[in-house]
Amino acid sequence: MLRFDHVNLRTNRLAEMRDWYVDVLGLSEGWRPDFAFDGAWLYAGDLAIVHLIEVAAEPASDPSDLKLEHFALSGEDLAGFRARLAAEGVSAQERRVPGTDILQLNIHDPDGNHIHVDFRVTG
């Protein structure tokens, strides 16, 4: 059986990215192994779902670089999440998934990575 474990993002703006994932998505920074490089593990509950790795320069857009189109999270409290986005000045594009009760709030982190947070809605 498989389950989601984490996404790993390389960034040259570690502090800004860490703060964004904590302030906007509500993750919390937690334990991380003592690697030989800087980074942060950001937790949803007891699972470190976002691993940030600090790099010296912005990752290139070279075809040999790894690409991430998006990752998705399931959310609760749509109104509360909208309020958090507004308070942090983060714009979101909302889309209904056709034929479902899912509303996606599409956002981008400071490095431009696409994330959508899915909420179940009625009506």
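Okay, let's start with what I'm calling a salt bridge: a side-chain nitrogen of Lys or Arg within 4 Å of a carboxyl oxygen of Asp or Glu. What we have on screen is a predicted model, by the way. Going by that rule, the count is five salt bridges.

Let me walk you through a few. Arg 82 pairs with Glu 94, and their closest N and O atoms are 2.7 Å apart.

Next up, Glu 29 and Arg 18. Their side chains meet in a salt bridge at 3.6 Å, N to O. This pair links distant parts of the chain, 11 residues apart: Glu 29 is in strand S2, residues 28–30, and Arg 18 is in helix H1, residues 14–23. Arg 18 comes out at 21% relative accessibility; buried means under 20%, so Arg 18 counts as partly exposed. Glu 29, at 44%, is partly exposed as well.

Then there's Glu 16 with Arg 13, where the closest N and O atoms are 3.6 Å apart. Glu 16 has a relative accessible area of 41%, which makes it partly exposed, and Arg 13 is partly exposed at 30%. Which residues join up into a network? Arg 13, Glu 16 and Asp 111 do, through salt bridges that share partners.

Searching the whole structure turns up five aromatic pairs. One of them is Trp 20 with Tyr 21, an edge-to-face pair with 4.9 Å centre to centre and 75° between the planes. Both Trp 20 and Tyr 21 are buried.

Phe 35 and Phe 37 meet another way: the ring centres are 5.0 Å apart and the planes sit at 10°; under 30 degrees counts as stacked, so that's what this pair is. As for accessibility, Phe 35 is partly exposed at 36%, and Phe 37 is partly exposed at 37%. Those two phenylalanines also belong to one aromatic cluster, together with Trp 31 and Trp 41.

Notes. Residues numbered from 1 in each chain as written. Predicted model: local features only at pLDDT ≥ 70, side-chain atom pairs only at ≥ 80, totals over all residues. Heavy atoms only, no water. Phe/Tyr/Trp six-rings, centres within 6.5 Å; stacked < 30°, edge-to-face > 60°. Buried < 20%, exposed > 50% of the residue type's maximum accessible area, 1.4 Å probe, protein only. Helix = DSSP H or I, 4+ residues; strand = E, 2+ residues; numbered from the N terminus.
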